[in-house]
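Student: I would like to go through a structure and ask what lies behind the terms used for it.
Tutor: Then let us look first.

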Amino acid sequence: MLNLFRHFLFAFRTSLSFREMVWLGWILRGKGWLNGYYIEPEFRTSTIRNIEIQAGVVIQRHAVFSVKPGAALCIGKNTRIGSDAVIAVQDRVEIGNHILIAARCLIADHNHQFRDSEKPIMRQGATVPEPVFIGDGTWIGINVCILPGTRLGKNCVVGANSVVTKSFPDGSVISGIPAKRMEPH
């Protein structure tokens, strides 16, 4: 019982509260005013370190960035990230220039571990992270999930509600669960 109590105290001390994530979001917003990008109110983030945001970026309301210490999130110039988007990084996520990311998208370089059916998922940790790269000029539709190890080339289009589980070359139009390349008509 004592070990469980110690585990709870450690987890409580190392995780951020909602209020702390909002506060860090305000700090990142302030940096944006100085560096030429704009983050709307109600943005939350787990850190202000290891996040590189270029000029001209707009991040809409309720977006959440969860970036582990030592990981890197890079967002290229003139990119738009929609409301309620979630970007979760344990290693590296690179989002190119002139990207459109619609509302409610998830971009993650890791997933939840599931090895023990007797243990709650939230207690099993994360999978080994695999970097995610999104090429310049890409458009990601509403409700899209981009999963670990994905590399999208330049000027791709990802249809609404798609789940991207693998990489695609420049100029691909992809859609579905899992996302597949659509052939031109």
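**Terms and values**

Student: What is the accessible surface of the chain?
Tutor: The chain has an accessible surface of about 10,800 Å², and carbon and sulfur atoms hold 58% of that area. Such areas come from the Shrake-Rupley method with a 1.4 Å probe, and for residues only the protein chains shown count as cover. This is a predicted model, in which local features need pLDDT of at least 70 and side-chain atom pairs count only at pLDDT 80 or more, while totals for chains, interfaces and linings use all residues. Residues are numbered from 1 along each chain as its sequence is written, and side-chain values use heavy atoms, with hydrogens and water left out.

Student: How many helices and strands are there?
Tutor: The chain has 2 helices and 19 strands. Helices (H or I, at least four residues) and strands (E, at least two) are DSSP runs, numbered from the N terminus.

Student: Why is the chain called as compact as a globular protein of that length?
Tutor: The globule rule, 2.2 Å times the number of residues to the power 0.38, is set against a radius of gyration taken over C-alpha atoms. For 185 residues the rule gives 16 Å and the chain has 17 Å, which is close, so the chain counts as compact in that sense.

Student: What makes E42 and R61 a salt bridge?
Tutor: The term asks for a side-chain nitrogen of Lys or Arg within 4 Å of a carboxyl oxygen of Asp or Glu. In E42 and R61 the closest N and O atoms are 3.1 Å apart, so the pair qualifies. This pair links distant parts of the chain, 19 residues apart: E42 is in the loop between β1 (38-39) and β2 (44-45), and R61 is in the loop between β4 (58-59) and β5 (64-67).

Student: Why is M122 called exposed?
Tutor: The relative accessible area of M122 is 69%, so M122 passes the cut-off for exposed. M122 sits in the loop between β11 (106-108) and β12 (132-134).

Note on methods:
Buried < 20%, exposed > 50% of the residue type's maximum accessible area, 1.4 Å probe, protein only.
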